[in-house]
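Q: Could you walk me through how to read the contact between two chains? I'd like the general idea each time, then the case at hand.

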Amino acid sequence: GVFAHLEMLEARAHEAAVKQEEMEQQEEKLAGLRARVEELRLQRDELRAKVDLQQKGQLGKEGVVPNPAQPSARAVLEWKIKSLKALLELFYLTGISGKLTKRGVCFCISTAYEGTYLDSYYLDLLTKPEVQIYRHSVPVFIPLQQIAKKYLQTDIRRFLSVLYDHLNAYVGRRYQADQLQEHFSDQIEGTLQRNSLCNLLVFNYNVPSKSRTFPFNVRLLYGDLCCSLPTEVVISCTPNAPASLAETAAAHSDLFRRVALHKVFGSFSSAEESVD
Amino acid sequence: MDETVAEYIRRMVLRIPRDEIKTMLQKWGFLSETQLQTINFHQIKDNISQDVVQLCEENSADIKQAAVLDIIYNHIYPNKRVWSVYQMNKTGEETEFFDLTDFKKKFKRQLRSALKNVTINFREYEDNAIWIRIAWGTPYTKPNQYKTSYVVYHSQTPYVFISASVLKSNLPLLCQALLVASNYCDIREMELRSHSLNSLKDIVFKRYSQNFQTYYPRPLQERNAAPESADIRIIQENKNEKERIQRVNREVFGDGPQPKLEFAQYKLETMFKSDPKMNVLDKREPFRCLVKFSSPHLLESLKSLAPAGMADAPLSPLLTCIPQKARNYFRIREKKGFLPGSFVSP
């Protein structure tokens, strides 16, 4: 009817607006890059001119004559520092960054979950006489020693990659559990039972059915420590629950296995809203 | 309500600082808000405790419920006890799904199978800490609620924090129950003791500030030196040395607060080195000597030694290795030089 038509028009308008925004962003980016190219060209020309002057020996033995048109040594240094810092920040944001130390190397693993930056963990490694962990700030329930025993000596890249996966998955699971407790505590009955690794979560929540609510008990087992989604979901309801709820339980079980925990509950809330 | 329970509750309330009594009773949750309203918390503690006992009588409190109040008190004031750290080992490498209900069941079953007369209470906290309170009896007497052991365990970690039990004979029972419940193979006491439970946690969980070298830019404001005194006639003669000391100190101790330990003990079993002509010791025997450093906050005081000019920087690694080696009891034997890592016996 009319509302459906209106919805469709709204959706179209929204799409068009998004496309428009994207295009504008692209153009901005392009303009920015063009300006950068000009900037760099200018610098290059200035440096070329300086090199020419030096080669022609016009600067003499007194040293560089300060010329406001040419970038001073200080300006060049500052530019170098700025671009280095940007590069290092880029590495830091990719998740694994390192710095050579007197006796080896110090790695920083920065974790994130779906766009939110979370904790950073450090590993101070010695490289002589063999690669070993000198000190670290990795939580004690992460199986660091096991991973090190497998990979540290033979393939340090793999070691870092496996550790990175463990840490990111852990903070991801923890984030989901925290979000659940923070934003959906009204849907949870009682307390959320968790553990240090956040690889077993047990809680009860209410499911509405025919103007009554029935409690579901959920056990989420995260068998893969490198994964932030559960490998096994067990939902049980009280014996007096209607048979139709078995279907709901199966559907929820599937949801928990595929979708992040807090998003599952988010979808419950919005499902309720759309029913009204 | 049992006479002993009443007396126990009365004594417990007397321990609590007056300003904290109401909040603690609210945390306990055994007395309703309306009941708490009837108590005048401004009267003398003797009378407050009598009122509380009276209300507990109305609610028929039993010893298990009274024990919960004890756990709450000890959780808020853990520093009144001395805590030791124990480390557990396991051989398997499977992923552990630590199930709290399972843990509690196994612990109780194991402990009760060895000794029937025990009161066991559990309480979990937000940071995954499980507090266990055990009141010990004997095969012939009821548990003595005034002789309690406390255990704090974080799931899926190999460390257990035990508040030194008065009855040393019960320790093996406790350890066995912990191993069975947490699925580990063996347990040993670490050489790490302190009143500050959180500092012990910081040390073994590696939560204390270690100065890791990274490229991540720290805000430049930190690096700005404090503004020099306005009078330019005042010059710091030792500026370079002071800065070196600050830098070295920072590398060793990190930027943040240090874990709180009260002492470090070094048992020396080294040979006495003297002029051979002096002939102090006829036999070539280790000169036994015990060096103990005590302080309200040992690591902070060590950190401030060099800047205060009382010691050279860097400090001896015997002192600075304490958090990293997670020990404050050392035994140093005669070998080629002092290397506490290799030559200290557990």
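A: Let's start with a term: a salt bridge is a side-chain nitrogen of Lys or Arg within 4 Å of a carboxyl oxygen of Asp or Glu. This is a predicted model, where local features need pLDDT of at least 70 and side-chain atom pairs count only at pLDDT 80 or more, while totals for chains, interfaces and linings use all residues. Residues are numbered from 1 along each chain as its sequence is written, chains are lettered from A in the order in which they are written, and side-chain values use heavy atoms, leaving out hydrogens and water.

Q: How many salt bridges are counted between chain A and chain B?

A: The count is one: A:Arg219 pairs with B:Asp99, with the closest N and O atoms 3.1 Å apart.

Q: And how do I read the size of the interface?

A: The size is often given as the accessible area lost when the parts come together. Here, chain A and chain B bury about 2800 Å² between them (1.4 Å probe, summed over both), with 55% of that on carbon and sulfur atoms. On chain A's side, A:Lys99, A:Arg135 and A:Val140 supply 22% of the area buried against chain B, more than any other three residues.

Q: How many residues does each chain bring to the contact?

A: Counting contact as heavy atoms within 4.5 Å, chain A brings 31 residues and chain B brings 28.

Terms used
Buried area is the accessible area (1.4 Å probe) that two parts lose on being put together, summed over both.
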